[in-house]
Amino acid sequence: MAEKFKSNNNVVYSCKYHVIFCPKYRRKVLVNAVASRLKELLAQIAIDIKVEILEMEIMPDHVHLLIDVDPQFGVHRAVKRFKGATSRYLRLEFPELKSRLPSLWTNSYFVSTVGGATLDTIKMYIQNQKET
């Protein structure tokens, strides 16, 4: 399978990351309408910041993303935008989140470059999250 590369004005790249982040106290609040809206928001933010979401799964207490990020934008900035904007919009649209959590997301997150395993393996892992 040929590797798909992207480019900007200065760099040709393939920077794919597996990112996981959790609600504060790992509360199981990412369900039903909240989970659906979160998926919509993440997809829209990705378009706005020119990040490609290759795979996404919302679990009740965490989020899995497989993203392709321009190295000059950086994975940290992408995660910061995802978490900041989704927290703001979800807490406005679902006031019950405000009463349960002082802030929606923890300050931390997990990130791993995708290189040790094939993309298909990581995609399958994320797709099968709800079955485990």
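**Entry 1**

I started at Tyr 25, which is found in the loop between S3 and helix H1 (32-49). Helices (H or I, at least four residues) and strands (E, at least two) are DSSP runs, numbered from the N terminus. This is a predicted model, where local features need pLDDT of at least 70, side-chain atom pairs count only at pLDDT 80 or more, and totals for chains, interfaces and linings use all residues. Residues are numbered from 1 along each chain as its sequence is written, and side-chain values use heavy atoms, with hydrogens and water left out.

What is the phi of Tyr 25? I found a positive value of about 60°, although Tyr 25 is not a glycine. Most residues other than glycine have a negative phi. Is Tyr 25 buried or exposed? Its relative accessibility is 54%, so I put Tyr 25 down as exposed. The cut-offs: buried means under 20% relative accessible area, exposed over 50%, and partly exposed in between (1.4 Å probe, protein chains only).

I then looked at Asn 32, which has its place in helix H1. Its phi is near 50°, again positive in a residue other than glycine. Asn 32 has 65% relative accessibility, so it counts as exposed too.

**Entry 1: the whole protein**

I zoomed out and counted four helices and six strands. From the N terminus on, they run β-β-β-α-β-β-α-α-β-α. The C-alpha trace spans about 45 × 35 × 20 Å along its principal axes.

Next came the radius of gyration, taken over C-alpha atoms; the globule rule is 2.2 Å times the number of residues to the power 0.38. For 132 residues a compact globule would come out near 14 Å, and the 15 Å of this protein agrees with that. Buried residues make up 45% of the 132.

I also looked up contacts, meaning heavy atoms within 4.5 Å. Among those between residues at least 6 apart in sequence, 70% join residues at least 24 apart. The protein exposes about 7600 Å², with carbon and sulfur atoms supplying 52% of it. Those areas come from the Shrake-Rupley method with a 1.4 Å probe; for residues, only the protein chains shown count as cover.

**Entry 2: strand S3**

How many of the six residues of S3 (residues 16-21) are buried? I got six of six, so S3 is largely enclosed by the rest of the structure. Both faces are covered: Lys 16, His 18 and Ile 20 are buried on one side, and Tyr 17, Val 19 and Phe 21 on the other.

Which strands sit beside S3? I noted that two strands pair if DSSP finds at least two bridges between them. S3 pairs with S5 (residues 62-68) in the antiparallel sense over six bridges, and here Lys 16 stands opposite Asp 68. S3 also pairs with S6 (residues 110-113), antiparallel over four bridges, and there Ile 20 stands opposite Phe 110.

Glu 57 has its place in strand S4. At 12% relative accessibility, I count Glu 57 as buried. Leaving aside neighbours within four places in sequence, its contacts include Lys 39, His 62, His 64 and Ile 126.

Asp 61 lies in the loop between S4 (52-59) and S5. Asp 61 is buried as well, with a relative accessible area of 13%. Its side chain joins that of Arg 26 in a polar contact of 3.1 Å. A polar contact is a pair of N or O atoms within 3.5 Å; within protein, one must be able to donate a hydrogen and the other to accept it, and residues adjacent in sequence count only if both atoms are side-chain atoms.

His 62 lies in strand S5 and is buried at 9% relative accessibility. Its side chain makes polar contacts with those of Asp 61 at 2.8 Å and His 64 at 3.1 Å. Not counting residues up to four places away in sequence, I found that His 62 touches several others, among them Ile 20, Phe 21, Arg 26 and Glu 57.

**Entry 3: helix H4**

In H4 (residues 119-127), I found Leu 119, Ile 122 and Ile 126 buried. Seen down the helix axis, the buried residues fall within an arc of 65°, so they line one face of H4. That arc is of the directions from the helix axis to the C-beta atoms. An α-helix has 3.6 residues a turn, so residues three or four places apart point the same way. What covers the buried residues of H4? The cover includes S3, S4 and S5.
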